[in-house]
Amino acid sequence: MAPDDVKTARTPTDDEVLEFCRRNRHTEVDRQLVFAVLKWRGIPVTSVVRSRVRLCGSRQLLELWSRRAVYAKDAAEVFLE
């Protein structure tokens, strides 16, 4: 970090920190839903599936995956592009 960057860096406000935590908490719930639906359907949650879901930060994509998991025959159908 350059010396000028240190001068312009700021500390996030309490509201920003709370919003960040809220978003991440909801995203984690969405991840757990994908895992739960896959398990309920009897679709194996392999290490590859688990990694893909864990690395996803998009609530919209996680919601899409959980909806697809309801009808999918296997995990590949859940992640179709």
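At 28% relative accessibility, E28 counts as partly exposed. The model described here is predicted. E28 forms a salt bridge with R31. The closest N and O atoms of this pair lie 3.2 Å apart. Both residues belong to helix 2, which spans residues 14-41. E28 and R31 are three residues apart, about one turn of the helix. R31 has a relative accessibility of 13% and therefore counts as buried, since the cut-off for that class is under 20%.

A search of the whole structure finds five salt bridges. Side chains of opposite charge can pair when their charged atoms come close. A second bridge of this kind joins R59 to D30. Here the closest N and O atoms are 2.7 Å apart. This pair links distant parts of the chain. R59 lies in helix 4, residues 59-71, whereas D30 lies in helix 2. The two are 29 residues apart. R59 is partly exposed, at a relative accessible area of 37%. D30, by contrast, is buried, at 15%.

A further salt bridge brings together the side chains of E81 and R52, with an N to O distance of 2.9 Å. E81 lies in the segment after helix 5 (75-78), and R52 lies in helix 3 (residues 47-55), so the pair ties together parts that are 29 residues apart in sequence. E81 is exposed, because its relative accessibility of 87% is over the 50% cut-off. R52 reaches 35% and counts as partly exposed. Some bridges share partners: E28, R31 and R54 are joined in this way into one network.

The surface also carries a nonpolar patch. W40, V70 and Y71 form this patch. Together, the three residues have about 420 Å² of accessible area. W40 lies in helix 2, the helix that also holds E28 and R31. W40 is exposed, with a relative accessible area of 64%.

E28 and R31 pair within helix 2. D30 of helix 2 is linked to R59 of helix 4.

Methods
Residues numbered from 1 in each chain as written. Predicted model: local features only at pLDDT ≥ 70, side-chain atom pairs only at ≥ 80, totals over all residues. Heavy atoms only, no water. Salt bridge = Lys/Arg side-chain N within 4 Å of Asp/Glu carboxyl O. Helix = DSSP H or I, 4+ residues; strand = E, 2+ residues; numbered from the N terminus. Buried < 20%, exposed > 50% of the residue type's maximum accessible area, 1.4 Å probe, protein only. Patch = residues over 30% accessible without salt bridge, like charges linked within 9 Å, V, L, I, M, F, W, Y side chains within 5 Å. Areas by Shrake-Rupley, 256 points an atom, 1.4 Å probe, with all protein chains shown as cover.
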